[in-house]
Amino acid sequence: TTELKAIAIDSIGTSSYIATYKYVIEYKQPDAPSISPESGNYEAGQKITIDNLKSGETAYYTIDGTDPTTSSTVYTGEFDMPTGNVVVSAITVNEYNMSSSVTRRNYVVKEEKSYTFDESVDILKNRMISLNALKSDGRLTKDGGEVTFVYQSKKTIDNNEMYLIRMDVKKNGVTSAQGYYGVGTKNGQCYKVNESGGGYIAASY
């Protein structure tokens, strides 16, 4: 609030009456932030973005459904969408410490499956049984060789992370490597893996 008083004085020094003007400057509440994407069901790995911020404004957010305050997490850039049933809430605070209304989004995010090595071996055994490469017990080849699956490493081949598995077969007291296989750590897909030019190539098995 500002009060301004003024007079006018003429050339012979006579003053006018005092004029008084009162001004009240009202700061506007900032607009609510926008949160994208919209509420809905999503796969793991989605990013969340908060925008509609003007110069001098800061966004604060929570991911537990509570109303955010200036003590909440400061938004500094896109962040990972949490898994589960999550409510993301955000406010904008301007340079005069005035807060916007709250914007909310509700996300249901399916947790990404990640197979263990043992689970991957079981998947590979079942695939081999279905292709008649192994007997139904998953331990013997069709000609009676005893099978062992050996962990080699975790590799990313053609943008697909997989367990690289060597299959050893023991027969007549002699053990030999009979090939390499892969099982996707996220999709559970089986692959036949071969070395090529110092790297690996994988084909669906």
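Start by selecting Thr141 and Asp143: their side chains are joined by a polar contact of 2.4 Å (a pair of N or O atoms within 3.5 Å, where within protein one must be able to donate a hydrogen and the other to accept it, and residues adjacent in sequence count only if both atoms are side-chain atoms). You're in a predicted model, where local features need pLDDT of at least 70, side-chain atom pairs count only at pLDDT 80 or more, and totals for chains, interfaces and linings use all residues. Residues are numbered from 1 along each chain as its sequence is written, and side-chain values use heavy atoms, leaving out hydrogens and water.

Thr141 lies in the loop between α1 (117–130) and β11 (146–157); helices (H or I, at least four residues) and strands (E, at least two) are DSSP runs, numbered from the N terminus. Buried or exposed, then, is Thr141? Thr141 is buried, because its relative accessible area is 10% (buried is under 20%, exposed over 50%, partly exposed in between, with a 1.4 Å probe and protein chains only). Leaving aside neighbours within four places in sequence, show its contacts (heavy atoms within 4.5 Å): Ala133, Leu134, Lys135, Val147 and Val169.

Next, jump to Tyr23 in strand β2 (residues 19–23). Tyr23 is partly exposed, at 42% relative accessible area.

Last stop: the open sheet of 3 strands, ordered β3-β5-β8 with antiparallel pairing (two strands pair if DSSP finds at least two bridges between them). Its edge strands, β3 (34–36) and β8 (79–80), each pair on one side only. Select β5 (residues 47–51), which pairs with β8 over 2 bridges, and find Lys47 opposite Asp80 in β8.
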